[in-house]
Each structure stands twice: as C-alpha cells, then as structure tokens.
Amino acid sequence: MNDVVYLPLTKLAESIRAKQISPVELVDAHLSRIQELNPKLNAFVTVDGERARTQARSAEAALSSSAKSNSIGPLHGVPVSIKSSIDVAGLPCECGSILRRGSVPLEDAPLVARLRAAGAIILGNTNVPEFLMAYETDNILYARTNNPWDLSRTPGGSSGGEAAAIAAGCSAGGVGSDGGGSIRIPAHYSGICGLKPTPGRVPSTGHFPGSAGPFAQLGVVGPMARYISDAQKLFEVMAGPDPGDPASAPVPLKHWSEQEIRKLAVAYFVDDEVTPVTSETAAAVRTAADALRTQGFRVTEWRPQNLDRVWQLWWNLFGRAGQMSFAPTIGNREAELSPILRAFRAMVAEAPPLTALDLLNTLLARDVLRGKLLEKMEEFPILLCPVCAIPAFRHGEREWMVQGRKVEYLKAMSYSQWFNLLGNPAAVVPVSRSPEGLPIGVQIVGRPWEDEAVLGVAAIIEEVSGGFRRPPT
C-alpha cells in the first residue's frame with residue numbers, strides 16, 4: 001500500500017467515491033506508514049488511530065447506503081492531519097510547550113469542522129516549535145522533527161511536522177499556519193506545496209496564538225499538500241467567513257478559467273540585493289518564470305522597492321510585539337521554555353522595548369508600503385520570487401555562507417516574511433533540487449483575495465516543472 005499513500009488527495013477522493021479504494025484500507029495504510037516512519041521523523045505528536053478507524057468504517061458504510069449517499073462530501077474518507085496549534089476536539093493542542101501541557105480543546109476549530117463536514121478523517125496532529133517561534137521544529141515536550149529528504153536536516157517551522165508528514169506519505173494533506181513563512185518555508189524544505197491565504201479567507205478561529213489586533217493581518221491558516229490541486233481542494237473546503245476571525249470577509253470562491261489565468265502579467269526577481277540566495281534558488285525562480293513564458297504569459301523581471309523596510313516592520317510586529325503578547329503566558333516560567341524559544345526571546349531583547357508610538361508608526365508605514373506594492377500589482381498581478389535564501393538546513397544551524405557572504409537566520413527567511421506584513425496570498429510549488437538533492441520551491445505571490453489565481457499560476461508551473469517527487473525516507 002506504499003503507492004496508495006502517495007496518490008494525490010483529489011485522486012483518493014475520486015477513487016473512494018467510485019468504490020475503487022476502501023476508506024478503511026486507506027486509513028490503515030496511512031496509520032501503518034505513520035507507525036513505520038514516525039520513529040524516524042517525529043512528525044506526529046498525537047495519532048488518533050482508533051477514532052480514525054471508526055470514522056473510516058462509517059465512511060465505508062455510507063458509500064453503500066442510499067440514505068446517506070447525499071451526505072458524501074468532496075473529501076469523503078480522505079485521511080488528513082492538522083498542525084498542533086489548531087483546535088481538534090479531544091486532541092492535545094499544546095503548541096509544543098510545557099506551559100500548555102494538558103490543553104485539550106472540547107470543540108473543533110471552524111476549519112477542522114469544515115474538513116470533517118466534507119468527509120475528511122483526522123489522523124492526528126503534528127509537531128511544531130514552541131509557540132511557533134522558530135524555523136526549526138523542535139521543543140522540550142516532543143523533541144525535534146526530521147526532514148524526510150535528510151534526517152540530519154529540519155523540515156522547517158513552524159509547520160514542520162505537517163510538512164514532513166505529508167512529504168513522507170503519512171498524510172494525504174493537511175493544515176498549517178503562517179505568520180512569517182511557516183507554511184511556505186516547510187513546504188519549500190520538504191518538497192511539497194502550500195498556500196498562505198489572504199488573511200480572512202480561511203478562518204484562524206481556534207488557532208493558538210490568536211490572530212487579532214496588530215497580528216490580524218499577519219498570521220493565517222492554510223492548506224499543505226503534495227500537489228497544487230490538492231491544496232486547492234483543501235482551500236475550497238475550508239474557505240469562508242467566520243465571526244471569530246477579525247480579518248474575515250464574505251468573499252466567495254471564484255473559478256478562474258485557464259484563459260483568465262494566462263492573461264495575468266507576471267513579474268519576478270531572484271534576490272532583494274540585501275540577502276543573497278543560493279545559485280540554485282535563483283535558478284529555480286528563473287525556471288519558473290521561463291515555464292510561464294513558454295506557456296504564453298507576459299513575464300518581466302522587476303523587484304519591489306523598500307523590501308528591507310518591509311522586513312523591519314514585520315519584525316516589529318512578529319518579533320517585538322509578539323514577545324510582548326506572550327509575556328503574560330510565560331510569566332516567571334522562562335526556565336521551562338525550549339532552548340530555541342529562549343534564544344529567540346534573547347534575540348528580540350537585543351532591541352529596546354516596542355513603544356506605543358513605534359507600534360502606531362509600524363501600522364501606518366505598513367499600509368503605505370502595502371498600497372505602493374498593490375498599485376504596482378495592478379500592472380503585475382503575479383509576482384515570482386524565492387521562498388527562502390537556502391534549502392533545508394542542518395539541525396541547529398543559524399547562519400550560512402551564501403555567494404561568499406554570511407546570511408543569518410532571520411534574514412534568510414525574509415523572502416516569505418514580507419508577504420505576511422503586506423497581506424498577500426502566496427503559494428509554494430517545488431521546482432528543482434540543490435546539489436545535495438534537497439528540494440527547492442518557488443513562491444507565487446498574488447493580490448489580496450485572488451488566492452485562486454495564485455493557485456492557478458502555481459498549477460501551471462507545477463505541470464511544466466514536474467512538481468512533487470518522493471523523498472528517499
């Protein structure tokens with residue numbers, strides 16, 4: 001059954017409805033895969049095997065019942081996983097922290113309820129860095145997650161467990177969250193696809209930490225999968241307004257025809273002239289641009305201005321304001337935090353405390369820069385660029401030599417962080433490989449509320465470049 005766990009999620013759903021694949025056998029195959037690989041990967045923190053099997057039996061029975069045939073949803077019987085910062089009723093939602101040990105929600109987050117209503121079966125939830133504050137998935141509570149392409153490397157963070165599980169065939173697809181690249185960077189490191197939606201498209205209600213106040217436009221939840229069509233299906237199921245999300249808006253799903261997609265002008269850039277990227281990363285962006293050009297797109301090389309200023313504003317919110325918001329939770333329990341989180345907090349503490357004036361100016365400057373980018377995106381609705389300066393790094397690394405220059409941890413990730421501040425939807429699709437054989441993804445950025453257009457362009461790049469390949473693990 002190792003082949004069936006690598007079938008596209010959409011293909012699995014079709015095969016289940018056609019009674020070509022049994023939901024019971026499919027769930028068992030994934031649970032067997034988890035049992036085989038999780039000791040190496042440590043991707044799952046909780047495996048809900050008995051409940052998944054019970055739901056699979058009910059899904060199978062529904063296929064034979066004429067009375068229940070109308071209740072079969074688009075994900076009927078498909079096994080998925082959820083990042084352990086998102087509420088799943090009955091499963092620990094500890095966000096990798098001793099400080100939240102024993103936190104078990106009584107209700108599903110709205111996006112989880114929507115997945116269940118569509119027929120999806122929740123296999124369990126996946127590992128994260130403590131409080132999601134790292135690009136390496138490691139914590140005291142559950143230990144580190146390894147990359148299925150190379151166990152000595154990280155699958156990224158903070159949705160690292162989710163990315164590793166999906167890449168390794170332990171889950172057909174799932175859900176991550178992203179406040180500074182936390183869907184896109186793990187997708188890039190693990191060779192899968194991911195979408196950071198426009199804030200408000202998929203409700204963040206039921207996520208810890210919450211996306212509210214200055215963070216309402218910063219942090220989002222979104223789909224992760226091996227194929228763009230699967231990410232799109234998950235997005236379609238989860239999308240829709242919810243009163244618990246302050247960024248929520250009643251934006252209906254839109255079908256973009258292939259003709260409409262191909263009319264979108266595309267701009268691309270391979271680096272920001274501040275943080276160098278590996279030559280293979282730059283080549284991957286050019287490959288994606290060339291792929292679109294050969295498909296008839298108008299493609300132009302162009303780089304947004306003021307990107308380093310955008311980064312500083314993101315850091316004011318994600319880093320400086322973010323740690324201020326955690327202060328009541330942490331209190332006098334700093335010694336109980338994971339080393340990675342303590343190191344992150346020390347990095348934040350190097351700057352003076354954020355004042356009310358700093359916060360006000362950050363929010364005002366963000367909107368000015370956002371407006372300038374969106375004005376330019378009237379000309380180029382799609383923007384291609386790197387996801388990150390480097391491919392997956394070895395556990396514990398925090399700086400690298402790239403093109404003869406030192407690149408430090410946070411700045412390596414800046415290529416994703418910008419679009420959290422600016423509120424753009426952005427997808428990642430695997431395009432090429434590094435000299436070590438590690439996957440390299442490309443980031444496709446769109447205008448707010450045009451998530452479906454971003455996925456449409458990503459699908460064309462995926463088709464030309466070949467997309468997902470199985471990791472060796």
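Okay, let's start with strand E5: Cys 193 and Leu 195 point one way from the strand, Gly 194 and Lys 196 point the other way, and all of them are buried. Buried here means under 20% relative accessible area, exposed means over 50%, and partly exposed is in between, using a 1.4 Å probe and protein chains only.

Before going on, a word on the model. It's a predicted one, so to speak: local features need pLDDT of at least 70, side-chain atom pairs count only at pLDDT 80 or more, and totals for chains, interfaces and linings use all residues. Residues are numbered from 1 along each chain as its sequence is written, and side-chain values use heavy atoms, with hydrogens and water left out.

Back to E5. Which strands does it pair with? E5 and E6 pair antiparallel over 2 bridges, and E5 also runs antiparallel to strand E12 (residues 426-433), joined by 3 bridges. To count as a pair, two strands need at least two bridges found by DSSP. In general, strands of a sheet pair through backbone hydrogen bonds, either parallel or antiparallel. Look at Gly 194: its bridge partner in E6 is Met 224, and its bridge partner in E12 is Val 428. Cys 193 has Ala 225 as its bridge partner in E6.

Now zoom out to the whole sheet. There are 11 strands in an open sheet with mixed pairing, and the order is E1-E3-E2-E4-E6-E5-E12-E13-E9-E7-E8. At the edges you find strand E1 (44-47) and strand E8 (299-301), each pairing on one side only. On average, neighbouring strands are turned by 25 degrees against each other, direction ignored.

What packs on this sheet? Helix H2 does, touching E1, strand E2 (79-83) and strand E3 (121-126), and its direction makes about 15 degrees with that of E3. Then helix H5 (residues 160-167) lies across E1, E2, E3, strand E4 (173-178) and E6, running at about 155 degrees to E4. For contact, think heavy atoms within 4.5 Å. For the angles, axes are lines fitted to C-alpha atoms, for helices over the stretch in contact, and the values run from 0 to 180 degrees between N-to-C directions.

Next up, salt bridges. The rule is a side-chain nitrogen of Lys or Arg within 4 Å of a carboxyl oxygen of Asp or Glu. How many salt bridges does that rule give? The count comes to 26.

Arg 33 and Glu 36 meet in a salt bridge, 3.7 Å from N to O. Both sit in H2 (residues 23-41), 3 residues apart, about one turn of the helix. Arg 33 counts as buried because its relative accessibility is 8%, while Glu 36, at 44%, counts as partly exposed.

Other bridges reach across the chain. Asp 451 forms one with Arg 201, with the closest N and O atoms 3.0 Å apart. Asp 451 is in helix H15 (residues 451-465) and Arg 201 is in the loop between strand E5 (193-196) and strand E6 (220-225), so that pair links distant parts of the chain, 250 residues apart. Are they buried or exposed? Both Asp 451 and Arg 201 are buried.

Then there's Glu 378 with Arg 447, at 3.5 Å from N to O. Glu 378 is in the loop between helix H12 (356-376) and strand E9 (382-386), and Arg 447 is in the loop between strand E13 (439-445) and H15, 69 residues apart. At 58%, Glu 378 counts as exposed, but Arg 447, at 15%, counts as buried. There's also a network of salt bridges linking Asp 28, Glu 50 and Arg 53.

Last, some backbone details. The peptide bond from Gly 157 to Ser 158 is cis, with omega near 10 degrees, and Ser 158 sits in the loop between E3 and H5. Another cis bond runs from Phe 208 to Pro 209, with omega near -5 degrees, and Pro 209 lies in the loop between E5 and E6. Trp 449 isn't a glycine, yet its phi is positive, about 75 degrees. You'll find Trp 449 in the loop between E13 and H15, partly exposed at 33%.

Notes
Helix = DSSP H or I, 4+ residues; strand = E, 2+ residues; numbered from the N terminus.
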